[in-house]
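Subject: Structure for you to look at

Hello,

Here is the structure I promised. Please open it alongside this note and follow the residues as you read.

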Amino acid sequence: MNVDFEEFVAGIVENNAERLGIDLDLSSIRLFERPGFKDAVADASSIFFVDGKNRKNDITLILSNKDFPETVRSACELAISVHQRLDANEQRHVLVPLLEGVYDGQSYAVFPRLESFSKNKALRFAQKRFLQPKIADWLAALAVQTTTYCDTPKEVERAFIEPFEYLAEEIKLPNAIRKFSETYLSADIGTRFQLFTTVHHGDFWSGNILSTRGAFPGFGFLTGDFRIIDWGTARLDGFPCIDIIRFANSSNRNTKAAGQIVRNYADAIEISHEEVALYAMASLGRLGLDRDQFPKSRFLAMTERIFDFLCVNDFA
């Protein structure tokens with residue numbers, strides 16, 4: 001960080017220490033290095049860790065970049081909206097900010113400091129294996145509690161036909177994906193299936209799953225405690241299946257094992273295995289239509305990867 005930016009961030013931290021009524025160590029402010037692919041997203045925000053005088057007061061500051069100053073505010077609005085749609089038992093897993101605000105035109109939010117999966121391979125494996133069924137159950141509850149049925153042709157058109165039209169016409173996608181999408185344009189899917197939308201996160205991988213910090217690092221995950229962060233790509237009119245597919249793939253090297261997690265999820269929300277592919281691909285078509293700052297190259301690669309997963313596991 002250059003000196004001017006350091007002073008800018010320190011000003012935000014100092015202001016919010018007063019608002020929270022806690023002591024924060026300004027000399028501890030440090031930038032969190034994000035995975036390299038995040039840098040390819042033009043509206044990516046900056047993440048800072050700040051230590052409190054007491055460990056329980058450690059915070060995370062997320063700051064919009066100056067070219068997209070509303071990014072953090074929009075993400076917080078989505079997180080709060082999702083939180084409000086869930087019952088008390090499920091909403092506790094949606095991380096909402098302690099404070100949010102605007103500083104010199106850039107929106108920001110302050111969160112409690114949480115911990116990610118362990119860097120130790122053995123412990124990380126244990127954490128993920130233990131947490132997988134609990135997260136799958138939570139994603140099923142998210143789908144059930146936020147279901148909105150598409151009761152009119154106009155709703156089906158927007159939620160499903162338009163995304164499949166996009167996939168069918170995108171010449172940079174493989175022919176297999178385009179032909180698959182065409183089958184849902186030639187069939188009356190509004191009468192074949194009882195179609196619905198749900199909340200979906202949109203970037204549901206293990207890096208966006210954290211846990212509260214206890215006396216022993218990593219122990220929170222092993223108690224079933226988890227918090228879902230980074231709701232900036234969420235949709236309130238999204239689709240089931242896409243989040244569980246991305247999570248299962250990010251947590252399993254074995255594609256068949258990941259497929260079984262998705263099958264269990266489908267059974268829990270009472271949809272057929274064919275519908276898994278329908279909803280997953282519709283969500284990708286919608287992302288293609290509304291991808292905003294999401295790089296097209298990443299969208300194309302992700303679409304191919306998920307379609308391959310659906311085929312290997314006999315969903316498509």
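**Trp138 and the cores**

Start at Trp138. Beyond its neighbours within four places in sequence, Trp138 is in contact with Leu86, Glu90, His93, Val94, Phe204, Phe226, Ile228 and Trp231. Keep in mind that this is a predicted model.

Trp138 is buried, with a relative accessible area of 2%. The largest nonpolar core has 70 residues. Trp138, Phe160, Ile209 and Leu310 have the most contacts inside that core.

**Aromatic pairs**

The count of aromatic pairs comes to 18. Take Trp138 and Phe226, whose ring centres are 6.2 Å apart. Their planes stand at 85°, so the pair is edge-to-face; the cut-off for that class is over 60 degrees.

Which parts does this pair tie together? Trp138 lies in helix α4 (residues 121-145). Phe226 lies in the loop between α8 (219-222) and β9 (227-228). The pair therefore links parts that are 88 residues apart in sequence. Phe226 is buried too, at a relative accessible area of 1%.

Phe196 and Tyr279 form an aromatic pair that is tilted. Centre to centre they are 5.0 Å apart, with 45° between the planes. Phe196 sits in strand β7 and Tyr279 in helix α11 (residues 273-289), so this pair ties together parts that are 83 residues apart in sequence. Both Phe196 and Tyr279 are buried.

Back at Trp138, there is also a cluster. Trp138, Phe204, Phe226, Trp231 and Phe247 form one aromatic cluster.

**The three-stranded sheet**

Strand β7, which holds Phe196, belongs to an open sheet of three strands. The order is β6-β7-β10, and the pairing is antiparallel. Which strands stand at the edges? They are β6 (148-149) and β10 (235-238). Each has a single partner strand, so one side of each is left without a neighbour in the sheet.

Two bridges join β7 (residues 196-200) to β10.

**The five-stranded sheet**

Five strands form an open sheet in the order β1-β2-β3-β5-β4, again with antiparallel pairing. The edge strands are β1 (30-31) and β4, and each pairs on one side only. Helix α2 (residues 71-85) packs on this sheet and touches β3, β4 and β5. The direction of α2 makes about 45° with that of β5.

Strand β5 has a partner on each side in that order. Five bridges join β3 (residues 59-63) to β5. In that pairing, Thr60 stands opposite Phe111. Five bridges also join β4 (residues 99-103) to β5. Here the bridge partner of Glu100 is Ala109 in β5. The hairpin of β4 and β5 has two residues between the strands. In that hairpin, Asp104 takes a positive phi near 50°.

Is β5 enclosed or open to the outside? Six of its seven residues are buried, so β5 is largely enclosed by the rest of the structure.

**Ser107**

Now look at one residue of β5. Ser107 is found in this strand, which covers residues 106-112. Why does Ser107 count as buried? Its relative accessibility is 1%, and the cut-off for buried is under 20%.

The side chain of Ser107 has polar partners. A polar contact of 2.8 Å joins the side chains of Ser107 and Ser64. A polar atom of the Ser107 side chain also lies 3.2 Å from the backbone nitrogen of Arg73.

What else does Ser107 touch? Leaving out residues up to four places away in sequence, its contacts include Ile62, Leu63, Pro69, Glu70, Thr71 and Val72. Gly101 and Val102 are also among them.

Best wishes

Methods: Residues are numbered from 1 along each chain as its sequence is written. This is a predicted model: local features need pLDDT of at least 70, side-chain atom pairs count only at pLDDT 80 or more; totals for chains, interfaces and linings use all residues. Side-chain values use heavy atoms; hydrogens and water are left out. A nonpolar core is a set of buried Ala, Val, Leu, Ile, Met, Phe, Trp, Tyr and Cys residues joined through side-chain atoms within 4.5 Å. Buried means under 20% relative accessible area, exposed over 50%, partly exposed in between (1.4 Å probe, protein chains only). Contact means heavy atoms within 4.5 Å. Two strands pair if DSSP finds at least two bridges between them. Helices (H or I, at least four residues) and strands (E, at least two) are DSSP runs, numbered from the N terminus. A polar contact is a pair of N or O atoms within 3.5 Å; within protein, one must be able to donate a hydrogen and the other to accept it, and residues adjacent in sequence count only if both atoms are side-chain atoms. Axes are lines fitted to C-alpha atoms, for helices over the stretch in contact, and angles run from 0 to 180 degrees between N-to-C directions. Rings of Phe, Tyr and Trp (its six-membered ring) pair if their centres lie within 6.5 Å; planes under 30 degrees apart count as stacked, over 60 as edge-to-face and the rest as tilted.
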